[in-house]
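Trainee: I've got a structure open, and I'd like to learn how to read it. Can we go through it together?

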Amino acid sequence: MGRNPHIKLASMAQTYGPVMSFRLGTGLVVVGSSPKAAMEILKTQDRFLCARRLSYTHPASSPKVNKFSVGFANECNDQWKYLRSICRAELFSNRALQSQMKIREKNVMKMVRYLHEKEGQVLNISELIFNTLLNTMCNILFSMDVFGPEGGGKGVEVKKLVGKFVKIVATPNLADLFPILHGWDIQGMQKKVRKINEKIFTIWKDIIKERREKRRRNILTQEDFLDALLGNGFSNDHINHMLLELLMAATETSTTATIWAVADLIKNQESRHKLSDELNKNIGNHMIKEPEIMDFPYLQACLKESMRLHPPVPFLLPRRATETCKVMNFTIPKGSQVLVNTWAMGRDPTVWVDSSSFKPERFLDSGLDFKGNDFEFIPFGSGRRMCPGLPIVTRQVPYVVATLMHKITWSLPGYNDPTELNMDEVYHLELLKKEPLQLIPKIKREVQAIKVDRGLIALQAAKSKLPHLDYTEKKARQRESVFAGITEVTELQGAEYKSYCPTASLGSA
Ligand code: HEM
């Protein structure tokens, strides 16, 4: 299949039709590549096709670990339902999303501050987005910053280990082709993956220990997802596997979607200007707030269009037939691996006009959404195994993209023409941008022109209830104030200034 099986299989579907199958070792692989095929696989036959098919190198292929898993649970049994319900209540409910909002805002603010400091330099924006989203997710799950402000810290190790994990799990191996070899681990892959996992688990080991100790002393607080797992009596083994699975499910996918959206907007200047107009008209010079992003139709259309062209998980997660069934009159034998090529569907010229161009307008007033009901556009899958993380994604991804597009003018290193931005893809279970997105940030002039006086710095310090900030922190707040924009500066002066800033000494940064 080569390095880009999504493209190869899309072109084969043009010859062999929307449902095709081929043998891989002793197993049969079925690929659906049209909205009708997707609907039959994910809706009509969901009952028989909702089991997962896993590489034997994946730890969850062992029954002992599988019972800890949501995304790789072999079947949609009661344990899988229970774990999904915990995630729904503690991560994706309105209450949970509301309490995570501060974490997302804090990390986006850090990202903006970093860009401000590095203005004019060539930056690896792919890395910056990854670091921001990994830090956010680690804080939501177990309240830890794994990356420091300059990108160093435990996050570097996590990134390396997760990269190795994915590489091994994605590499074809003999035991997957010939299941008779299961249990022998002749290529030593299972052992390697186990070791990688154990190393990752050490990152939050002390936090779990500390929290258990607190609970033993009856100090019961619920600050994050880890507290919820402890409160529900989860073992350390179970917590380790759940945290790792959610980190991996959430971070790479959201990072990939964000990178592609930014790249698409850099390359397509007309869309970028339309988006800027929408943001300027509605929020002016303010820093965007997370709840506002739902009100911007063009922003939402840009993200959908980007995911149509670059679905982060192009084949969804592989399914397995638990019973022999039919899809578009083709027989799918029990035990077959079933894939849905969403990349092929997103580029299908019989479904989309001018299918390979970036045209967000096609989503305006179209009613098409990615909630699993419109089978021509299913980047999050559909049916009972559909991605449960959608409520987080719809807040996090547009928020980061809008912030990056609103306050900053971007240029490309070495040359000026944005249409030359390289958009090559590479398949690595996810659909990654082959080259990291390298850009030069420039803070927009009208934002730079805002004068932040000493009073405002003091005011913000007082408002944040940290009256004794050191110099560096005050400077950081000063930069934050610049990003907060003119209106906020004006609002915070005068009478309010006096009531918040009774002591002149606070303004001496
Ligand atoms: C842009 C970001 C994301 C994309 C494109 C995405 C896409 C997907 C896809 C295609 C699936 C498989 C669906 C199927 O088999 O029909 C999936 C499953 C899953 N996703 Fe996401 N996802 C994203 C973000 C997240 C986030 C933020 C979380 C959690 C915080 C998450 C957690 C999961 C889990 C737990 C599953 C397994 C569900 C199951 O098998 O029951 N995802 N995702």
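Trainee: How many nonpolar, polar and charged residues are in the shell around the ligand?

Mentor: By class, that shell holds 18 nonpolar, six polar and two charged residues. Here Ala, Val, Leu, Ile, Met, Phe, Trp, Tyr, Cys and Pro count as nonpolar, Asp, Glu, Lys and Arg as charged, and the others, Gly among them, as polar. Residues are numbered from 1 along each chain as its sequence is written.

Trainee: Which residues come nearest the ligand?

Mentor: A residue is near a molecule if its C-beta atom, placed from the backbone, lies within 6 Å of it. Of the 26 residues around the ligand, the nearest are Gly71, Thr253, Gly381, Cys387 and Gly389.

Trainee: Which helix gives the most to that shell?

Mentor: Helices (H or I, at least four residues) and strands (E, at least two) are DSSP runs, numbered from the N terminus. Helix 12 gives the most, six residues. Helix 5 (78-92), helix 12 (236-267) and helix 16 (390-406) each supply at least two.

Trainee: What is the strand order in the open sheet of three strands?

Mentor: Strands of a sheet pair through backbone hydrogen bonds, either parallel or antiparallel. Two strands count as paired if DSSP finds at least two bridges between them. In this sheet the order is 4-12-9, with antiparallel pairing. Strand 4 (123-124) and strand 9 (408-411) are at the edges with a single partner strand each, so one side of each has no neighbour in the sheet. Strand 4 pairs with strand 12 (residues 438-443) over two bridges, and Asn124 has Gln438 as its bridge partner.

Trainee: And what do strand 10 and strand 11 form?

Mentor: A hairpin, with one residue between them; Leu429 in the turn has a positive phi of about 70°. Strand 10 (residues 425-428) and strand 11 (residues 430-433) are antiparallel over four bridges, with Glu425 opposite Lys433.

Trainee: What pLDDT does the protein chain average?

Mentor: That's the predictor's confidence in each residue, from 0 to 100. The chain averages 86, and 86% of the residues score at least 70. Over residues 447-455, though, the pLDDT is below 50, and over residues 482-509 the pLDDT is below 50 too. Where pLDDT is low, the predicted coordinates should not be read in detail.

Technical notes. Predicted model: local features only at pLDDT ≥ 70, side-chain atom pairs only at ≥ 80, totals over all residues. Contact = placed C-beta atoms within 7 Å.
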